[in-house]
Amino acid sequence: MYQYSPEDTKFLVERVDQFEKQLKRHLDGDLDAAKFRSLRLRNGLYMELHAHMLRVAIPYGTLNTIQLRALADVADKYDRGFGHFTTRQNIQYNWIQLPEIANLLRDLSSVGLHAIQTSGKATRNITADPLSGLTEGEIADARPYCELIRRWLNLHPEFSWLPGKFKIAINGAKLDETALRVHDLGLRLVRNKEGELGFTVYVGGGLGAAAMVAAETASFVPVEDILSYLESAMRIYNLKGRRDHLKKLRIKFLVRQLGAEEYSRLVDEDWKQTRDDLELKLNLTQLSELEKDFALPIKPLVLDGFVDKVDFNYSIWKKNNVRAHKISGHSIVNISLTKLGEAPGDATSEQMRILADLADQYSYSELRTTKRQTIVFPHVRKDQVFDLWKSLEKYGLASPHQGTLAQIVACPGGDYCDLAKAVSIPIATRVQQRFNDMDKLLDIGNLNINISGCENSCAHHHVADIGLLGMQKNGEEYYQITVAGETLQKTVIGKKLGPSVSGDNVVDAVEDIVNVYLDNREEEEKFTEVFKRIGIKPFKEKVYE
Amino acid sequence: MSDSNELTAASATLEAKVTESRPLDTSVLNKDNESIELVSVEQWIENVDEFSKLGVGVIVKPSDDVKLLQDTLNNVTLIALDFNNFDDGRGYSQAYLISKRWKYAGEIIGINAHLDQLQFMLRSGVTSYKLLQDYEGFDELDYSNGFSICYQAAANNSGLKEKF
């Protein structure tokens, strides 16, 4: 697995040393709160009421077990024994004390982890398909490209003080597990007619109050030219992006204001002048070294006469959580840390250490994190999946609900978050109670429900089959319902069903929507397919009858 | 995840930015300690011939379109980029265009500069700087040259091991 070189680690330590000096100046009264805020955010540190929240990057969602144990140690040493895996391949700690931050970051740097640019108006952690390298039909493993672009953006002299935050995702697989077209900038690995590798570039996507699907600004940028293209795309944003309106800082507003065509024209005009600049060509030697570092640690296995165990709970869990690996004899295993009724993504240090031990035993010491806030064991021998399941079950990590409608994505909501307009987790719990019949859950299959407590959309409700958005109406909690959002095959923002529904009635509405789906489903049709065929009307009629 | 404290702090910063109407600097000491008179980009464009003879410098605000200077750049004695607004990063792109793309040979001075941003300014193409008064007494090297390695091409990477 890829590891930082000594000079990369030295860079991380130098960054901590500098931040420590800035912190000291702030505590001594020599650096005001507004400037310190800009600086600490670029080091992943948020200020909250009673403590600080630190966001640590998990670049492209790949972790080794040494790193996961280090994250567990940080949870014990500096927090209250747990961390929170986010939807964007980061982990957050909520109870960090300011004077301890430098030591914490030094501990992390020793295992190649950091919090650089995980927050603030800079380029954030680059996310990748959590199944990079694992699935059939993939154009290429996105991670070597993520790493080269991540490095290139590290304290970039020109792009560290952008108008707003800037999130990049890269996907090389057939299905888009990254939701790249709701990112500020998305890169899809493609091959042109000549078979050469390059990227299709999408700019200006985002969720939040003004959800937008990113526009395609270039259909094919050759791999070696991607840095010069990115430089131009970001330069136009840096120079022309709005800085005067707090809610219009993101690049999606610039693209909308200029029009995608005009934005692309400006980028192309700038790019013409740097495309042939040798200093901006992607370093293909470094790329091939990284490809070796990210190569899969497994070879095809012939498992003669292997017959998997038969066990009711195991079969249900396996159906929803185990996927085919492109290397024969292996499987990809998805693990949810969340018990029903709890905030998704929370993990105790004990759970982290259990997962590290199990990954050493069953998954070549490698783990991945996903936007559904789950953990993936990327390479498990098929004849060991049952043993892994037994272990997971022992530790309460193998609920058969995983992968069904009952595994709801919810933000912390009004119970925990100052910004929320309504609660999220209690609604999730009530939906789970309504759908508590395992047979029915299996019949419904994989249907996503995402619940955000406000329009910041932390639970990505716009791109779920059923999305709920919390709001206030006359002092009461209401939920706006959106249906048939998707990102896997193509990116579609969910359609508003109609007037928002009160908290009392929202679970009935969800059940109505699920029933319209079941009543109209033909064979194995997915929710979005049924929606495309029958339209919004039957759903509307049922919910508002 | 995010919280209202952060939002309130951000609003306050933004408000300060919008209401700010500082008079522009009218002169600056160059690297040889000579006082250079500064004119705005608009003034420069309107009186290029006259100002070219007088040997004045041009002060560039973040909101200025530096492309307006491109054709007459070599007549400008000195370019002063104003970095007073900590969160406004347009000066770094302006420095890049003037220095690296248009190969301006004169002095590019970052004025009203912040200690913590020296490394970004200098690598973007700024050749000299004048810090705001608040920063007197701190070791500038910690912030202008605190790293041993860099990961991208830039106008100036001197002293850094390049890895890209």
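Which residue forms a salt bridge with A:Arg106, and how far apart are the closest N and O atoms? A:Asp17 is the partner, and the closest N and O atoms sit 3.1 Å apart. A quick note before the views: this is a predicted model, where local features need pLDDT of at least 70 and side-chain atom pairs count only at pLDDT 80 or more, while totals for chains, interfaces and linings use all residues. Residues are numbered from 1 along each chain as its sequence is written, chains are lettered from A and ligands numbered from 1 in the order in which they are written, and side-chain values use heavy atoms, with hydrogens and water left out.

**View 1. A:Arg106 and A:Asp17 in a salt bridge.** A salt bridge here is a side-chain nitrogen of Lys or Arg within 4 Å of a carboxyl oxygen of Asp or Glu. A:Arg106 belongs to helix H4 (residues 101–109) of chain A and A:Asp17 to helix H1 of chain A, so this pair ties together parts that are 89 residues apart in sequence. Helices (H or I, at least four residues) and strands (E, at least two) are DSSP runs, numbered from the N terminus. A:Arg106 is partly exposed at 24% relative accessibility, and A:Asp17 is partly exposed too, at 30%. For these labels, buried means under 20% relative accessible area, exposed over 50%, and partly exposed in between (1.4 Å probe, protein chains only).

**View 2. B:Asp142 and A:Lys21 in a salt bridge.** Their closest N and O atoms are 3.4 Å apart. B:Asp142 lies in helix H6 (residues 141–144) of chain B and A:Lys21 in helix H1 of chain A, so the pair joins two chains. B:Asp142 comes out as partly exposed at 23% relative accessibility, and A:Lys21 as partly exposed at 36%.

**View 3. A:Lys24 and A:Asp28 side by side in a salt bridge.** The N to O distance is 2.7 Å. A:Lys24 is exposed, with a relative accessible area of 52%, whereas A:Asp28 is partly exposed at 47%.

**View 4. A salt-bridge network that includes B:Arg101.** A:Glu158, A:Glu231, A:Arg235 and A:Asp270 are linked with B:Arg101 here. Within it, A:Asp270 pairs with B:Arg101, their closest N and O atoms being 2.7 Å apart.

**View 5. The interface of chain A and chain B.** Here 58 residues of chain A contact 50 residues of chain B, contact meaning heavy atoms within 4.5 Å. The two chains bury about 5200 Å² between them, 55% of it on carbon and sulfur atoms; buried area is the accessible area (1.4 Å probe) that two parts lose on being put together, summed over both. A:Pro157, A:Trp161 and A:Arg243 supply 14% of the area that chain A buries against chain B, more than any other three residues.

**View 6. Helix H3 (residues 65–78) of chain A.** This 14-residue helix reaches 20 Å from its first C-alpha to its last, close to the 20 Å expected at 1.5 Å a residue (1.5 Å times one less than its number of residues). Its buried residues include A:Leu68, A:Leu71, A:Val74 and A:Tyr78. At the start of the helix, a side-chain oxygen of A:Asn64 comes to within 3.1 Å of the backbone nitrogen of A:Ile66.

Conventions: Polar contact = N/O pair within 3.5 Å; in protein donor to acceptor, adjacent residues only side chain to side chain.
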